[in-house]
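Visitor: I have a model open on my screen and I'd like to learn how to read it. Could you walk me through it, one feature at a time?

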Amino acid sequence: AERSGTRRGIGVVMDACGVRWWVVCVFFFNDTATTEIYTLSLHDALPILKKAKILVVEDERVVATDIEESLRGLGYAVVGAAASGVSAIRRAVETEPDLVLMDIKLKGAMDGVDAAGEVHDRLGIPVVFLTAYADEEILDRAKLTSPSGYVLKPFDERALRSAVEIALHRHPEERKLAESEH
């Protein structure tokens, strides 16, 4: 557990062979530095090197900003935001996110369920619903889009992070399975 006032610095350097990565963690507390060095395989180092890119689809600007700030605080890269289903699809094509966080009630004729179906089917991008709606009819429609998660508002960062991490972890495996079935 980190003590109050602790700061962390992490540097990643590739060794000469290009097979192993060195992760150097420097912990500071009251002007005292402690260094820990770890070696990781390339597979284990990739999550450190690459922030997941997330598109936020939310029609309420204040809520969208709160979600974006939470995601950045959790270490993710927010590649854009959209307030309608049509703009969500367009932004997903433009930004190629690793994941889309999608509200269900959006501006315009296309709601988040329809937009999620398009994003998932046409682009193969996983979608996690982040919504205040959980009635049976909406859940039944949402399930048809094969969502990677469903988080109810108001959300806490632990629930958001868990849903995002599980979706990002499962997506490559699900893609491989789908490709092997064709």
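Predicted model: local features only at pLDDT ≥ 70, side-chain atom pairs only at ≥ 80, totals over all residues.

Visitor: In which sense do E4 and E6 pair, and over how many bridges?

Guide: Strand E4 (residues 53–57) pairs with E6 in the parallel sense, over four bridges. To find your place there, look for Leu55, which stands opposite Val100 in E6. Then turn to strand E7 (residues 127–131), which runs parallel to E6 and is joined to it by three bridges. Met102 stands opposite Phe129 in E7.

Visitor: Which way do the side chains of E6 point?

Guide: Strand E6 spans residues 99–102: Leu99 and Leu101 point one way, Val100 and Met102 the other, and all of them are buried.

Visitor: Which residues touch the most other members of the largest nonpolar core?

Guide: For a core, think of buried nonpolar residues joined through side-chain atoms within 4.5 Å. The largest one has 19 residues, and those touching the most other members are Val57, Val100, Met102, Val119, Val127 and Phe129. Two or more residues each come from E4, helix H3 (85–95), E6, H4, E7 and helix H5 (136–143). H4 gives the most, with four residues. As for Val100, setting aside neighbours within four places in sequence, its contacts are Leu55, Val57, Val119, Ile125, Pro126, Val127 and Val128. There is also a second, separate core of 18 residues, including Tyr76, Leu101, Phe155 and Ala167.

Visitor: How many aromatic pairs does the structure hold?

Guide: One. With aromatic rings, check the angle between the planes: under 30 degrees counts as stacked, over 60 as edge-to-face, and the rest as tilted. Here the rings of Phe129 and Tyr150 have planes at 55 degrees and centres 5.8 Å apart, so the pair is tilted. Because Phe129 lies in strand E7 and Tyr150 in strand E8 (residues 149–152), the pair ties together parts that are 21 residues apart in sequence.

Visitor: Is Phe129 buried or exposed?

Guide: Buried means under 20% relative accessible area. Phe129 has 0% relative accessibility, so it counts as buried. Tyr150, at 26%, counts as partly exposed.

Visitor: And where does the charged end of Lys105 sit?

Guide: Over the ring of Tyr133, 5.2 Å from the ring's centre.

Technical notes. Residues numbered from 1 in each chain as written. Heavy atoms only, no water. Buried < 20%, exposed > 50% of the residue type's maximum accessible area, 1.4 Å probe, protein only. Pairing = 2+ DSSP bridges. Contact = heavy atoms within 4.5 Å. Phe/Tyr/Trp six-rings, centres within 6.5 Å; stacked < 30°, edge-to-face > 60°. Lys NZ or Arg CZ within 6 Å of the ring centre and 35° of its normal.
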